[in-house]
Amino acid sequence: MSQEEPTLPEELLLLALDPSRGKPFCRNRYLEFGMAGAALAELELRGRISESRGKVTVDQPLLPGDPVLAQVLDLLPAPEKKRGTGGVGSPHWVRRTGRTVEGLYLDHLVDEDVLTRETRRFAGLLPYHRHPAGPRNWSAQARERFVTAEAAGFPDPRGRALAALVSAIGLSRFVARDGGRSRSAMRQLVREEWTAHAVHRAVQRDRASRSGGGG
């Protein structure tokens, strides 16, 4: 990982995790969805995938030059020979692969000493992990980059994608500095960015399921 040019999944993870406690500020299931959406956004920015009518297709199956993104790309269906066929529904893919994608990036950032891994046990039995900042703690830089982009109105595609994803997973109130006006603008971006919209739909489905309103 490059401190100067983190990928969107790396940036989202750095914003989402409390650097001291290693716990997400938002609901972890929503962070999983967000990580899958961020990976799709990164692949789209690199020209590897495209989306049409809710379907994601691989346009350039060659490895993207990033070992973690290459693994994510392998989770998408191979491109069909006939143009306009195949693909996978973006909300379905986000729900199905979110935990896997998050795990790939957590492992990567632990390997890079950006995060550490603490294993704990629920009720002394079930193990779970926390990921506080590691020796190469870049959480502060991630927040600084986000605040700078926010102050400028998220002028570039990468910044807009990240802001939309932050809003979609309920993280905006923890990282936005400009109050309600900024959070409102970020909610609008969710409707404009298909990756964040897919994440938002996954979040809404999860909420409905937990409240007994659907499966």
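A residue is called buried when its relative accessible area is under 20%, exposed when that area is over 50%, and partly exposed in between. These words are used below for a predicted model of a protein chain with 215 residues.

The protein chain contains nine helices and five strands. Read from the N terminus, these elements follow the order α-α-β-β-α-β-α-β-β-α-α-α-α-α. The C-alpha trace extends over about 50 × 45 × 45 Å along its principal axes. The radius of gyration is 17 Å, and a compact globule of 215 residues would have a value near 17 Å, so the two agree. Of the residues in the protein chain, 45% count as buried. Among contacts with a separation of 6 or more, 61% are made by residues 24 or more positions apart. The accessible surface amounts to about 11,000 Å², and carbon and sulfur atoms account for 48% of this surface.

Just after H9, Gly 212 adopts a positive phi of about 85°.

Apart from neighbours within four places in sequence, Ser 167 makes contact with Ser 172, Met 186, Arg 187 and Val 190.

Twelve salt bridges are found in the whole structure. In one of these, the side chain of Glu 42 meets that of Arg 158, with an N to O distance of 2.6 Å. Glu 42 is in helix H2 and Arg 158 is in helix H6, so that this pair links distant parts of the chain, 116 residues apart. The relative accessible area of Glu 42 is 1%, so Glu 42 is buried. Arg 158 has a relative accessible area of 31% and is therefore partly exposed.

Another salt bridge joins Arg 136 to Glu 112, and the closest N and O atoms of this pair are 3.2 Å apart. Arg 136 is located in the loop between strand E5 (126–130) and helix H5 (139–151), while Glu 112 is in the loop between H4 and E4, so the pair ties together parts separated by 24 residues in sequence. Arg 136 is partly exposed, at a relative accessible area of 34%. Glu 112 also counts as partly exposed, at 25% relative accessibility.

A further salt bridge is formed by Arg 21 and Asp 18, again with the closest N and O atoms 3.2 Å apart. Arg 21 is partly exposed, with a relative accessibility of 46%. Asp 18, by contrast, has a relative accessibility of 11% and so counts as buried.

Positive phi values also occur in residues other than glycine. The phi of Arg 53 is near 55°, and this residue lies in the loop between E1 and E2. With a relative accessible area of 84%, Arg 53 is exposed. The phi of Asp 113 is near 65°. Asp 113 is placed in the loop between H4 and E4, and counts as partly exposed at 40% relative accessibility.

On the surface, Phe 122, Leu 125 and Leu 126 form a nonpolar patch, and together these residues have about 380 Å² of accessible area. Phe 122 belongs to strand E4 (residues 118–122). The relative accessibility of Phe 122 is 59%, so Phe 122 counts as exposed.

Conventions. Residues numbered from 1 in each chain as written. Predicted model: local features only at pLDDT ≥ 70, side-chain atom pairs only at ≥ 80, totals over all residues. Heavy atoms only, no water. Patch = residues over 30% accessible without salt bridge, like charges linked within 9 Å, V, L, I, M, F, W, Y side chains within 5 Å. Areas by Shrake-Rupley, 256 points an atom, 1.4 Å probe, with all protein chains shown as cover. Salt bridge = Lys/Arg side-chain N within 4 Å of Asp/Glu carboxyl O. Helix = DSSP H or I, 4+ residues; strand = E, 2+ residues; numbered from the N terminus. Buried < 20%, exposed > 50% of the residue type's maximum accessible area, 1.4 Å probe, protein only. Rg over C-alpha atoms; globule rule 2.2 N^0.38 Å. Contact = heavy atoms within 4.5 Å.
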